[in-house]
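Please take a moment to look over the chain that is shown here before reading on. The paragraphs below are meant to be read with the model open beside them.

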Amino acid sequence: MYNVLWIDLTDEDFWEEEVDDALVRDFIGGKGLAARLLCEHLPPRVEPLSPGNLLIFAAGPLTGTPAPSSGRASASAKSPLTGTIFESHCGGRIGYHLRRAGYLAVVISGRAEQKTLLRISRGKVEFESAARLWGRGTRETEREIKQKPGWGRCSVACIGIAGERLVRFASIIHEGHRAFGRGGLGAVMGSKNLKALAIRGEGSVELARPEEFKRKVRECHAKLAEHPTTGKVLKLYGTPNVLAKVNYAGLLPTRNFSEGVFEGADEISAEALAKHIRGSYGCYVCAIRCGKVVEVGGVRTTSLEYETLFALGANVGVANLRWLVEFNELCNDLGMDTISAGGTIAAYIESRQGAIAWGDAERVYALLEDIAHRRGEGEALAEGSARALPEYSVSVKGLELPGYDPRGARGVALAYATSNRGACHLRAPVYIEEILTQSVDRRSREGKAALVKQLQDLHSALDSLILCKFTARALTAEDYAELLSLATGIEFTAEDLVTAGERIFNLERVFNLGEGLSSKDDALPERLLTQPIPEGPSRGMRAELEILEEYYRLRGWSSAGVPTREKLRQLGIDYILRARS
Ligand code: SF4
């Protein structure tokens, strides 16, 4: 039996509702469950920063179990950056605590009258004043919350200054360095006067078939240990391992996507970083342990990911690891998405046409602070690049692009254009096949529409289980389906799992159409369509979306990108049309 905890901040009220098995079978948990709840309970066209928006933290049926890399949780809401349905995922132990407190999800509605901290434990929600915490950084906030007797081992998700000031790409931070990073969910939290939630889970998670589950978990761990990426590369270097490969392909976005080869790549690569690694860490029950503790010039940081090295390194022209460590620490403490921050600053530097030098790290640091505090030029930039600088913005649906230039990879281009949350490399990580392993020809359109669809559906399911995406390098849909069946007692085949992912993807699409989005939003930035990559191995390549129609067809959507009633009926979600139109 699964429960959802509802919390109304306006009336300081809370209650529990049971989730029936049919909902788990159809939407699993995590992203899927949250999408289903948002479709049902969030009226169309709600202003994202109004009390009417819902903020949902969700775990999945595998969270809190010994399933490998299953400590993650999702946060979902209507995004203030993109205006779309949005979910963002975070590692650590927060999902574990949520499940062990007895909940599959927590739905937060309304707006607190005073600055508030929520303390959640099994069957109990305390509404505590957060006046003393307002204005503080995320690390200090978490430390302070854990001072209370009995709360030293809880999990905290909190916002920093950026969330308080409603920066549209503010994130929610957990353990000081893990983030529900993208889409401005930190601003949604700030708009609710909610500084933090602390969750203390002390119960257990029941498994339907515990002995068989344990056997399957051992088998999955063995597969992960044997695979070169999960068993070795990620363990040694973390996500920065990809930087050299992306640069080698000529697709490392440099100086606001004006180039694809960064001359300073060697200085910020995994090899350069390796000399400064002081330790490794992982999320709950993760043997991969991709997290690295890095110390450069006496400054320590954790979770310095590839995306930060690209966004606040190559894309703004900074080739200095010491500064990247500083940027990472600052963004984590302010609670700000490094990809959107970097993309917005890159657009700003370009717009100033030489008034700010590329690679001026001191200026980048000052801009990050100004954005978070919404002061000076930071006030406009806090709105994100698409609102502040549309002419220079490199974004899709308002979300700044991640670190793989879509001009040189046809599948990546389609994945960015059709992701329901805006430009995202993780909703269909086709960059792995096209750029990292090169198991498919990145220049070819052949088979890419089908590959992107297949990855979107599988990863929608993975984000609902919830298991870390990196496990997909070694595990298959059959593995996930078996784990899910043994944990829940609901029989899932690999096909059922992927169909659930497809159902969730279509549900999100229907949500977005109801918000006024259309096929026009399945687009790429004009500059990437018209300006070819100037130099390097991908020289001359422009972005294109020639396969968009084929993709719509494969999805069973109309030529205008609208899921047909027949498709929705087939997926069992045609009822949702009434709720969202
Ligand atoms: S691989 Fe990394 S991000 Fe994924 S669960 Fe493990 S430590 Fe966390």
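Predicted model: local features only at pLDDT ≥ 70, side-chain atom pairs only at ≥ 80, totals over all residues.

Residues are numbered from 1 along each chain as its sequence is written.

The chain is assigned domain 1 (2–199) and domain 2 (219–566), with bounds that come from an automatic or database domain assignment. The centres of the two domains, taken over C-alpha atoms, are separated by 23 Å. To their contact, domain 1 contributes 68 residues and domain 2 contributes 58 residues, where two residues are in contact if their C-beta atoms, placed from the backbone, lie within 7 Å. Several elements each supply at least two residues to the side of domain 1 that touches domain 2, among them helix 1 (21–27), helix 2 (30–41), strand 4 (73–78) and strand 5 (85–90); helices (H or I, at least four residues) and strands (E, at least two) are DSSP runs, numbered from the N terminus. Helix 2 gives the most to this side, with eight residues. Sorted by class, the side of domain 1 that touches domain 2 has 27 nonpolar, 27 polar and 14 charged residues, where Ala, Val, Leu, Ile, Met, Phe, Trp, Tyr, Cys and Pro count as nonpolar, Asp, Glu, Lys and Arg as charged, and the others, Gly among them, as polar.

Turning to the sheets, one of them is an open sheet of six strands in the order 2-1-6-3-4-5, with mixed pairing; two strands pair if DSSP finds at least two bridges between them. Its edges are formed by strand 2 (13–19) and strand 5, each of which pairs on one side only. On average, neighbouring strands of this sheet are turned by 20° against each other, direction ignored, with axes that are lines fitted to C-alpha atoms, for helices over the stretch in contact, and angles that run from 0 to 180 degrees between N-to-C directions. Strand 1 (residues 2–8) and strand 2 run antiparallel and are joined by seven bridges, and Trp6 has Trp15 in strand 2 as its bridge partner. Helix 2 lies across strand 3 (55–58), strand 4, strand 5 and strand 6 (105–109), and runs at about 25° to strand 4.

Strand 12 (residues 194–199) has six of its six residues buried, so it is largely enclosed by the rest of the structure; a residue is buried if 20 or more other C-beta atoms lie within 10 Å of its own, exposed if 12 or fewer, and partly exposed in between, with C-beta atoms placed from the backbone. Strand 7 (residues 116–121) runs parallel to strand 12 and is joined to it by five bridges, with Thr116 opposite Leu194. Strand 9 (residues 155–158), by contrast, runs antiparallel to strand 12 over four bridges, and there Val156 has Ala198 as its bridge partner.

Another open sheet has three strands in the order 13-14-15, with antiparallel pairing. Strand 13 (277–281) and strand 15 (299–302) stand at its edges with a single partner strand each, so one side of each is left without a neighbour in the sheet. Four bridges pair strand 13 with strand 14 (residues 291–296) in the antiparallel sense, and Gly279 stands opposite Val293 in strand 14. Helix 12 (residues 321–334) packs on this sheet, touching strand 14 and strand 15, and its direction makes about 60° with that of strand 15.

Within helix 12 lies Glu326, a buried residue with 21 other C-beta atoms within 10 Å. Not counting residues up to four places away in sequence, Glu326 touches Val299 and Tyr365.

Finally, helix 17 (residues 410–418) is mostly covered, with nine of its nine residues buried. What covers these buried residues includes strand 16 (395–396), helix 18 (431–436), helix 19 (448–465) and helix 23 (548–555).
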